[in-house]
Amino acid sequence: MKIWNPRVEEMPQDDLRRQQFRLLKTLIYRLYSFSEFYHRRMEEQGVHPDDIRSLDDVRKLPFMFKQDLRDSYPDRIFTASREELARYHVSSGTTGKPTVVGYTENDLENWTESLARAFTSCGLGRGDVIQVSYGYGLFTGGLGAHYGAERIGATVLPTSVGNTERQIELMQDLHVTAIACTPSYLLHMGEVAERMGVSIRDDTDLRAGILGAEPWTGQMRDRIEETLGIKAYDIYGTSELSGPMFTECTEQQGIHIWSDLALVEIIDPETGEPLPAGERGELTITVLQKEALPMVRYRIGDITVMNDEPCACGRTHPRIGRIQGRVDDMLIIRGINVFPSQVEHALMEIPQVGSHYQIVVDRKGALDTMLVQVEVSEAHFSDKITDLMVIKRLVEHRLRSLLNVSVDAELVEPGSLPRFEGKSKRVIDRRKM
Ligand code: DLL
């Protein structure tokens, strides 16, 4: 299997770590000397660049949070002048004030390089036709994937989101082999295709999906791969790191994080202490080469595990596991911690239910309630009412035994829950409204 940049991607781990250390040291000196924000932060923490004597000394540095970007809106912590900026992206601001990310030409180059490596690691290259159905514009998904796909010599079909029927026609007519979009949008496309009488599995050349930007489980992957007849690869990134940057390789055993671009730590979200490989915690990243908006020990809020074992693909760069949730999307139901991904995990193992669901949390008096609405699969929709009752009880039983909290299940008609073109919104917490 081809490797985009073998010199870097197969570099021995010791050499990689030495390179990371050099980059970290240079970055910290630069920030201490030239950035008011970072200088102040380091002073407050009582750390000087000379204190960074090994890679582990990264732990001496202060953390950064999304709030730091909000507080310095729009560009007060940028470390490049306006003349040096080549592009802006802006987050949607659904969870608060929007954040602005700036890029120099070098930043765009590193971002593209990182996706060129990633797409190649998913087995894509010249001869592939890649349909980019992430939103183009202020969101990083569309343009990020676009330039990465062009770089590897693939042919790009820049459909962006929406106009789903036309997307399916083009997928067929232009012999699209891979699609980059959210997993929920691809599921939706599969359904729309069915209604048009098109089977993505049999009537198109699609063989790979590069899916991410929202949480999804391994069970959802299995469903997508089975129903659409493709390989579904997980792609990860956040706008503060540039955008989508990292994917699984064809081994599908975790997401490779390019060490020359990002230094990963997994920390205990409560104490901030680093956790060893294999332990679940909060992903924290230092972006090593970003010029316009360097992020040091950025606490992304996503929960995952680190794996630094060598990968069968030959790449030496460490991997993180699938994102299991966010520190802030944990629901507390009657004192019990519940992650939406656990609900998806349980549902997707029940063949009688479809792939779309919604979690509604409310409070009746002093008691939290949790309702899981899930579509019945097409094949079971016409079942007798007594059979549907059995499915409902099965769903409730599975959820209760996995979550340790009782849950009401509501089976709804296929196609009746909302569909999303970009990121899906599957949790409605009425307690917060
Ligand atoms: O979603 C960048 C992106 C675009 C990633 C296209 C992948 C593909 P933001 O809008 O800043 O950036 O949102 C970042 O989305 O912190 C995660 O919580 C979530 N997220 C992104 N990818 C995944 C994934 C883009 N593969 C936030 N699995 C992150 C789970 C994901 N969650």
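In this predicted model, four strands form an open sheet in the order E20-E19-E18-E21. The pairing within this sheet is mixed. Strand E20 (408-412) and strand E21 (427-429) are its edge strands, and each pairs on one side only. From one strand to the next, the twist averages 20°. Strand E18 covers residues 353-364. The pairing of E18 with E21 is parallel and runs over 3 bridges. Val360 stands opposite Ile428 of E21.

The domain assignment divides the chain into domain 1 (1-326) and domain 2 (330-432). The C-alpha centres of domain 1 and domain 2 are 30 Å apart. Contacts link the two domains: 24 residues of domain 1 touch 21 residues of domain 2. The size of an interface is often given as the accessible area lost when the parts come together. Between domain 1 and domain 2, the buried area is about 1700 Å². Carbon and sulfur atoms contribute 50% of that area.

Helix H7 spans residues 164-173. Its buried residues are Thr164, Gln167, Ile168, Leu170 and Met171. Viewed down the axis of H7, these buried residues fall within an arc of 165°, so they line one face of the helix. An α-helix has 3.6 residues a turn, so residues three or four places apart point the same way. The cover over the buried residues of H7 includes both strands and helices. Among the strands are E3 (129-132), E4 (155-157) and E5 (178-181). The helices include H8 (183-195) and H9 (200-203). After H7 comes His175, with a positive phi near 55°.

Leu206 sits in the loop between H9 and strand E6 (208-212). Met171 is itself one of the buried residues of H7. Met196, by comparison, lies 10 residues from Leu206 in sequence and 17 Å from Leu206 in space, C-alpha to C-alpha.

Key
Residues numbered from 1 in each chain as written. Predicted model: local features only at pLDDT ≥ 70, side-chain atom pairs only at ≥ 80, totals over all residues. Heavy atoms only, no water. Buried < 20%, exposed > 50% of the residue type's maximum accessible area, 1.4 Å probe, protein only. Helix = DSSP H or I, 4+ residues; strand = E, 2+ residues; numbered from the N terminus. Arc of directions from axis to C-beta. Contact = heavy atoms within 4.5 Å. Pairing = 2+ DSSP bridges. Axes fitted to C-alpha atoms, helices over the stretch in contact; angles between N-to-C directions. Domains from an automatic or database assignment. Buried area = accessible area lost by both parts, 1.4 Å probe.
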